[in-house]
Amino acid sequence: MAGAACQEVRSTCPYCGTGCGVLLRPDGAGGLAVHGDPDHPANRGRLCSKGLALGETLGLEGRLLAPRVKGQETDWDTALDLVAARFRQAVEQHGPDSIGFYLSGQMLTEDYYVANKLMKGFLGSANIDTNSRLCMASTVAGHKRAFGTDTVPGTYADLEEADLIVLVGSNLAWCHPVLYQRILAARENRGTRLVVIDPRRTASCDQADMHLKLRAGSDVALFNYLLAALRAGGALDAEYLRHVNGLGEALDAAYAADAAVTGLEGSEIAAFCELWMRAEKVVTIFSQGVNQSTSGTDKVNAILNCHLATGRIGKPGCGPFSVTGQPNAMGGREVGGLANMLACHMDLENSRHRAAVQEFWGAPAMPERAGLKAVDLFRAAGDGRLKALWIIHTNPAVTMPEADAVSAAIKTCEFTVVSDVTAATDTARLADVLLPAAAWAEKDGTVTNSDRTISRQRAALPPPGEARPDWDILADAGRRMGWGAAFDYQSPAQIFREHAALSGLAGNFGLDFDISGLSGLSDSDYEGLRPVRWPVSRSRQGGRFFADGQFFHPDRKARMLPVRCRPPAASQDRQYPFRLNTGRIRDQWHTMTRTGKAPRLSAHLAEPFADIHPEDARRLGVQPADLLRLSSPHGQAILRARITADVQPGDLFAPIHWTGETAPSARIDTLVAAATDPVSGQPESKAAVVAAERWQAAWYGFAVSCRPMAPRTDYWAMTRTKTGYRAELAGSPPLGDAEAAARALFAMPDAELQMMTDSSRGITRLALCRDGRVQAALFTAPEPVAVSRDYLAGLPGTCASGILTGVPAADQPDPGPLVCACFSVGASTILQAIETGGLLSVADVGAALQAGTNCGSCRSDIAALLARAAVPHAAE
Ligand code: SF4
């Protein structure tokens with residue numbers, strides 16, 4: 001790899017399903033310079049703040065470098081012999097249903113393929129599921145019901161040709177920023193109209209023509225109303241409907257819909273229907289707000305019904321469009337990495353499909369029924385039905401609903417293997433065997449993005465220590481289990497060829513996923529493979545699905561489904577009166593094992609929070625910066641309150657990213673009930689019921705340090721900074737001896753102390769120094785601490801003599817809270833530039849400071865600062 005030190009490597013961003021191409025240039029010292037690939041069709045050179053910061057997420061800190069058994073480092077032979085023996089033993093003694101794999105949409109297609117083949121074809125179990133179950137299983141189920149297979153009909157180019165784009169349950173501006181920027185560019189060029197349907201006001205609403213703030217879970221009622229209005233308005237496409245069954249039943253259900261349950265004004269709904277009806281080309285983008293619901297599959301079909309009935313599908317600028325959360329959720333679907341799928345969109349419960357795959361693999365045993373989906377898989381681990389469980393690149397002890405119960409289940413399971421990059425996750429801590437896996441920049445393979453484009457991910461760095469690619473670990477385990485020939489893989493290219501050849505069987509059955517045209521790639525062809533959208537069969541490349549009205553049900557017709565609105569599963573009562581919506585924030589990814597390493601990504605929202613409406617805050621006596629305690633029948637959480645009308649009265653929103661490593665009291669999925677959609681098995685992560693109250697701490701604190709801290713208090717949240725770490729703290733018992741507490745927190749028993757106390761106000765400020773340089777500082781008060789956090793976060797390691805004031809001197813700049821992560825521009829810098837430069841628009845701010853000129857996801861924050869500067873007293 002040394003020879004490759006200066007060579008640019010073309011690869012793919014490992015975060016969201018947009019699937020942006022990146023150019024990686026190794027610096028020869030373990031680092032990478034990262035740029036957007038101008039030739040990649042998904043992003044054409046653009047990257048969002050997360051993609052741009054990829055180079056800051058590398059490094060060996062926390063890396064798992066050797067296999068471990070019961071916490072002791074060992075060699076690969078010992079670890080994998082044990083894994084192979086325990087899985088074989090479980091199958092022999094308790095049957096194939098006694099084992100389980102839980103995978104991740106972060107895995108490459110080749111990794112996924114080997115895992116699925118090993119589990120379904122050789123171990124004989126379908127108990128293989130993935131965190132994609134939490135992400136888009138409802139879309140898979142909805143597609144299969146309507147189209148006969150899991151086909152995403154649209155492409156990103158459709159976003160540039162649509163007259164109207166409807167975002168349903170998707171904060172695209174933050175979660176798929178590059179796609180959102182493509183939409184805004186189209187809006188600029190051709191006046192595309194934009195509607196956002198979301199109970200919460202998000203950054204995606206800033207540029208929207210209309211925001212329908214519907215009640216959580218009422219999407220089916222809205223789209224049923226739309227379907228009835230389309231019929232009444234004469235907007236159905238009789239010609240296209242010749243290819244569609246079920247119109248009458250779907251309309252009967254639509255006529256029965258009560259639009260009042262949406263909570264929207266009749267005029268708002270009418271305006272939306274009018275917009276839809278008048279737009280010749282409509283794309284409906286939907287994401288987790290649709291999928292993560294106990295009626296997620298019905299919501300998907302309610303959307304698909306409207307597109308099928310109007311023929312707004314299979315044409316440029318038209319179609320329903322599910323955007324996936326993870327980089328390779330689509331690849332996982334293609335290999336059949338879910339418990340109810342086979343491979344290449346073939347059906348596990350179809351005996352002809354099963355027999356064909358069994359013959360292709362030379363498999364000794366194939367399950368005939370669907371296996372346990374994620375929620376049931378962990379229930380089985382907890383009640384002793386599972387004897388061996390292998391978790392790969394995911395952190396279910398944090399991310400599954402009822403996370404405390406899942407954590408206990410993993411601990412209970414007789415034998416748990418975790419393959420990961422780091423041992424410092426809530427799940428890895430529970431494993432019997434830890435296997436060191438290669439990380440994103442060290443792996444070779446392919447991923448498929450939301451518009452079916454297969455891209456190569458290429459290794460730019462060597463794996464450190466003993467780390468190995470997942471396909472290699474899984475294949476080695478398969479060989480040790482006794483299936484040497486079936487798992488004799490030498491490279492990801494070999495696996496890809498096999499996967500592509502298998503897809504030819506799907507093509508022979510008349511299914512959509514056929515990439516058999518790629519099965520003859522040589523190793524060098526594979527190495528040089530350019531992004532390509534499937535299908536790529538021997539007779540067909542690309543093209544548009546459903547343009548010819550041909551679908552994948554046996555009669556080749558699509559199906560409209562009669563769907564009726566059902567409220568979220570858990571009903572609110574006096575004890576749990578709030579609806580909790582969970583989701584992502586702009587600059588973090590999943591459980592922050594990577595993005596949490598980049599200081600600039602942690603600077604945007606450095607602490608877990610819950611958004612609460614001003615009326616609810618007033619009723620509960622919650623003031624700005626207070627802490628909130630949330631409780632549900634399944635757990636508790638403490639979070640910082642953000643009082644905002646972005647959420648509706650009775651609703652709360654909290655992010656999903658914090659873990660036992662970063663803020664133990666903010667593991668939000670401890671609160672969420674494991675209620676699932678009856679068709680897809682996807683949990684309802686957007687509408688848990690909770691109680692909320694102000695949490696009164698005896699003391700609050702803010703700390704900075706040049707090294708990790710060891711907080712032991714009721715509430716803490718720690719993040720990276722450029723100079724070390726920062727933490728928010730609070731405790732219910734009094735702090736007591738502040739100096740002793742600080743020395744324990746910072747593990748600095750003998751550093752020099754500077755201290756200032758104001759006993760009348762209960763304030764203590766202290767700094768620990770060495771050789772005149774600040775090592776750490778702690779500020780405590782009986783109420784939330786008022787100091788300049790962004791200024792203090794930059795002081796560890798410096799000679800800041802005035803640190804105990806907590807604010808910068810008049811001649812020192814204070815950038816304020818980070819707004820633009822791409823160019824590291826803070827709110828104070830922007831406000832000052834607005835004031836001194838007379839800036840009037842987001843574009844003016846961009847021209848002056850670059851802020852907002854890259855990924856664009858901070859433009860709404862800049863607009864808010866401009867508004868604040870224009871009416872300074874309103875902000876006070
Ligand atoms: S939009 Fe951002 S996170 Fe998503 S793939 Fe592109 S660069 Fe990565």
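Buried here means under 20% relative accessible area, with exposed over 50% and partly exposed in between (1.4 Å probe, protein chains only). Welcome to a predicted model, in which local features need pLDDT of at least 70, side-chain atom pairs count only at pLDDT 80 or more, and totals for chains, interfaces and linings use all residues. Residues are numbered from 1 along each chain as its sequence is written, and side-chain values use heavy atoms, with hydrogens and water left out.

**Helix H15**
- Helices (H or I, at least four residues) and strands (E, at least two) are DSSP runs, numbered from the N terminus.
- H15 spans residues 374-382, and its buried residues are Ala374, Val375, Leu377, Phe378, Ala380 and Ala381.
- After H15 comes Gly384, with a positive phi near 90°.

**Around the ligand**
- The residues surrounding the ligand (a heavy atom within 4 Å) include Cys13, Cys16, Cys20 and Cys48.
- Helix H1 (49-52) and helix H7 (177-190) each give at least two residues to this shell.
- By class, the shell holds 8 nonpolar (Ala, Val, Leu, Ile, Met, Phe, Trp, Tyr, Cys, Pro), 1 charged (Asp, Glu, Lys, Arg) and 3 polar residues (the others, Gly among them).
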